[in-house]
Each structure stands twice: as structure tokens, then as C-alpha cells.
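Here is a short report on one protein chain. Keep the sequence and the 3D view side by side as you read.

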Amino acid sequence: MEITNTSGRRKTSVARIYMQAGQGNITINDRDMKSYFSNELLETIVNQPFATVDAVGKYDVQVNVHGGGIAAQAEAIRLAISKALVEENAEARPALKKEGFLTRDPRMVERKKPGRRKARRSFQFSKR
């Protein structure tokens with residue numbers, strides 16, 4: 001039984017996954033996916049790559065994820081699963097690429113600049 005491990009990122013979230021053939025169990029930080037993600041939409045985001053390549057319930061996934069919020073964590077896990085599916089089966093690449101699951105979303109929080117209140121927001125101007 002071969003274990004595929006990849007990583008995915010989104011904002012400041014980093015997800016490392018270990019995927020192998022199994023019954024479709026997804027464990028995130030030693031918790032079941034249903035208990036980790038309270039929102040059903042986030043579970044759908046994680047399962048999107050499997051649905052795209054008709055592999056729902058064929059792989060067990062063990063995930064270690066940290067940083068960011070839960071939505072960013074879900075998208076980081078989606079990227080990692082997509083990369084692992086391509087590693088397993090190269091023919092899945094065009095379908096996943098078309099859906100945009102193999103692209104890392106580069107948007108991050110902009111850093112605070114000196115002399116400003118936030119990244120771009122200036123202090124209130126006072127004429128007098």
C-alpha cells in the first residue's frame with residue numbers, strides 16, 4: 001500500500017496530507033472531518049477534487065493543518081489532495097487543472113507599512 005504525501009497552502013494555512021487507498025476516511029489533526037469543519041460547505045470544498053475525478057470513497061486521507069482560518073485551511077487541504085491525485089494518476093491532471101484546483105491562491109494579507117495606521121490606511125488628516 002503506497003502512501004502519497006503532499007502539501008498545500010492558502011494565505012497562512014499549511015496543510016500536509018498523507019493519502020493511501022482506503023474507504024474514504026478523512027482525518028484532520030486527529031479529528032474526523034465532520035467534527036473539525038462545522039460547516040458543510042467546507043467539507044464540500046475538501047471533497048471537490050475526489051468528485052472531479054470520480055474517486056469519492058477510494059482514498060483515506062490523514063491531514064496535518066495549521067495557520068489561518070478554517071476556510072483557508074479547507075482550501076489548502078483541497079490543493080494538497082489535488083496534487084496527491086495527480087501524483088497517483090497523471091490522467092486526472094487536465095480535469096483538476098480546468099477546475100482550478102492545482103493553482104495556489106497567492107492572495108495574502110499585506111504587511112503594515114511604517115507611518116501608516118494599517119497596510120494602506122493613513123492616519124486622519126487634520127488641516128488645523
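## Overall plan

Read along the sequence, the chain runs β-β-β-β-α-α-β-α-α. That gives four helices and five strands. Both are DSSP runs, numbered from the N terminus: a helix is H or I with at least four residues, and a strand is E with at least two. The radius of gyration is 18 Å, well over the 14 Å that the globule rule gives for 128 residues, so the chain is more spread out than a compact globule. This radius is taken over C-alpha atoms, and the rule is 2.2 Å times the number of residues to the power 0.38. Along the principal axes, the C-alpha atoms fill a box of roughly 70 × 30 × 25 Å.

This is a predicted model: local features need pLDDT of at least 70, side-chain atom pairs count only at pLDDT 80 or more, and totals for chains, interfaces and linings use all residues. Residues are numbered from 1 along each chain as its sequence is written, and side-chain values use heavy atoms, with hydrogens and water left out.

## Surface, contacts and charge

Of the 128 residues in the chain, 35% are buried. Buried means under 20% relative accessible area, exposed means over 50%, and partly exposed lies in between (1.4 Å probe, protein chains only). The chain exposes about 8400 Å². Carbon and sulfur atoms supply 48% of that area. Accessible areas come from the Shrake-Rupley method with a 1.4 Å probe; for residues, only the protein chains shown count as cover.

Now take contacts, meaning heavy atoms within 4.5 Å. Among those between residues at least 6 apart in sequence, 67% join residues at least 24 apart.

The chain has 24 positive and 14 negative charges, and their mean positions are 20 Å apart. Lys and Arg count as positive, Asp and Glu as negative; His and the chain ends are not counted. Each charge is placed at NZ of Lys, CZ of Arg, CG of Asp or CD of Glu.

Five strands form an open sheet in the order 1-2-5-3-4, with mixed pairing. The edge strands are strand 1 (4-10) and strand 4 (31-32), and each pairs on one side only. Two strands pair if DSSP finds at least two bridges between them. Strands of a sheet pair through backbone hydrogen bonds, either parallel or antiparallel.

Start at strand 1. It pairs with strand 2 (residues 13-21) in the antiparallel sense, over seven bridges. T4 stands opposite M19 in strand 2. The hairpin of these strands has two residues between them, and K11 takes a positive phi near 55° there. Strand 2 also runs antiparallel to strand 5 (residues 59-66), joined by eight bridges. Here A15 stands opposite V65. Strand 3 (residues 26-28) and strand 4 are antiparallel too, over two bridges. T27 has D32 in strand 4 as its bridge partner.

## Two glutamates

Is E43 buried or exposed? E43 is buried, because its relative accessible area is 10%. This residue sits in helix 2 (residues 40-52). Leaving aside neighbours within four places in sequence, E43 contacts M33, K34 and F37.

E88 belongs to helix 3 (residues 70-88). At 35% relative accessibility, E88 counts as partly exposed. Which residues does E88 touch, not counting those up to four places away in sequence? They are T4, M19 and Y59. E88 and Q20 are 68 residues apart in sequence, and their C-alpha atoms are 9.6 Å apart in space.
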